[in-house]
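Good morning, and thank you for the time. Please keep the sequence and the model open as I speak.

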Amino acid sequence: MDFKDYYKVLGVDKKASDDEIRKVYRKLAKQYHPDKNPGDKKAEERFKEISEAYNVLGDKEKRKKYDELADNWQYYGNQGAGGQPQADWFKNYQNSGQGSSFNFSGNFSDFFSGSGGFADFFEQFMGGSSSTSSSRKGGRRTTYQSAPAQDLEAELPLTLNDVFHGTEKQLNVDGRKINIKIQPGLESGKKLKLRNQGRNNGSLFLKIKIAEHPIFERKENDLYADVNVDMFTAALGGKASFTTIDNKTINLNIAPGTDSGTLLRVKGMGMPAYNNNSNRGDLFLKVKIISPKHLSEDEKELLKKMAEKRK
């Protein structure tokens, strides 16, 4: 079991603030996002690695547990339950039958809001105490050991594209493979309750965690993003193009004298509503005026004359 230094992955100090970690993540995510590096497998793997690191360090509770585990990784990496060497203990655990494979697939239901807790690293391997029951047979009392039902928690990491289009994910929980169907419109922070999928017929709670998108910000079912507009179009009016989350190119009408920071609304181009995918939120685009680069001498002179006439 390899230890990953998530601070090193993001290139930040262990004492970095939450804001510092968030800023570094956004910068790296934009740089290595698959949409900006089509066909580049190395960039894709780097993006996954960055997202994995932020998924832990971007959450206060998980970061705290990660720091605690990291400080003692050498110990935990060699010791399992009851002080056994980890490899031997895990082998015994699998042979006991608790690590057997089980497949389950289902749709999202029984959602409720709430922050929930983070499934502790060791809860994936260690169960609770047993209970006992007894019966008489032939004058003898026979005692049976039965472990109590135990709920499990896990986090289901998703991207904004996952919950826009809908997808399927496979999780490894408590030694079992579970296939989950993701319906469009799912929101971060929701929980999925899978009955009888915990330990000993307990429940499995999956907390939805949607990673930050390098371009779009989601607010309920609305999406927000920046749109670049050159200064000539902003001054004189014209058109500006933008690619939506579903890869459609739309043309925006830019009114003459549009200021930087102006918010443009495009109806029905946001996220689909959960359980009503035909109903979509809106797309809000914040105008970001871009100054021309690499001007020729003639262009510079022309701009100077224009500036003088405006005085």
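This is a predicted model: local features need pLDDT of at least 70, side-chain atom pairs count only at pLDDT 80 or more; totals for chains, interfaces and linings use all residues.

Strands here are DSSP runs of E with at least two residues, helices are runs of H or I with at least four, and both are numbered from the N terminus. Two strands count as paired if DSSP finds at least two bridges between them. Strands β4 and β8 (residues 204–210) run parallel and are joined by 7 bridges. Within that pairing, L152 has L204 in β8 as its bridge partner.

Residues are numbered from 1 along each chain as its sequence is written, and side-chain values use heavy atoms, with hydrogens and water left out.

Let me turn to A149, which lies in the loop between β3 (140–146) and β4. Is A149 buried or exposed? A149 is exposed, with a relative accessible area of 55%; the cut-offs are under 20% for buried, over 50% for exposed and partly exposed in between, with a 1.4 Å probe and protein chains only. Apart from neighbours within four places in sequence, A149 is in contact with R199, N200, N201 and G202, contact meaning heavy atoms within 4.5 Å. The C-alpha atoms of A149 and N196 are separated by 8.8 Å, although the two residues are 47 residues apart along the chain.

The next sheet is also an open one. Its 4 strands follow the order β9-β10-β16-β13, with mixed pairing. Why is one side of β9 and of β13 left without a neighbour in the sheet? Strands β9 (217–219) and β13 (263–266) stand at the edges and have a single partner strand each, so one side of each is without a neighbour there. The twist in this sheet averages 35° from one strand to the next. Strand β9 runs antiparallel to β10 (residues 222–230), and 3 bridges join the two. R218 has L223 in β10 as its bridge partner.

Now the interior. A nonpolar core is a set of buried Ala, Val, Leu, Ile, Met, Phe, Trp, Tyr and Cys residues joined through side-chain atoms within 4.5 Å. The largest such core has 38 residues, of which F242, L252, L283 and L285 touch the most other members. Beyond four places in sequence, the contacts of L252 include V227, F242, L264, V266 and L285. A second, separate core of 17 residues includes Y6, V9, F47 and V56.

K30 is partly exposed, with a relative accessible area of 40%. K30 touches K36 and P214, not counting residues up to four places away in sequence. K30 and I215 are 185 residues apart in sequence, yet 7.7 Å apart from C-alpha to C-alpha.

Finally, the chain overall. The protein chain has 9 helices and 16 strands, and 33% of its 311 residues count as buried.

Technical notes: Axes are lines fitted to C-alpha atoms, for helices over the stretch in contact, and angles run from 0 to 180 degrees between N-to-C directions.
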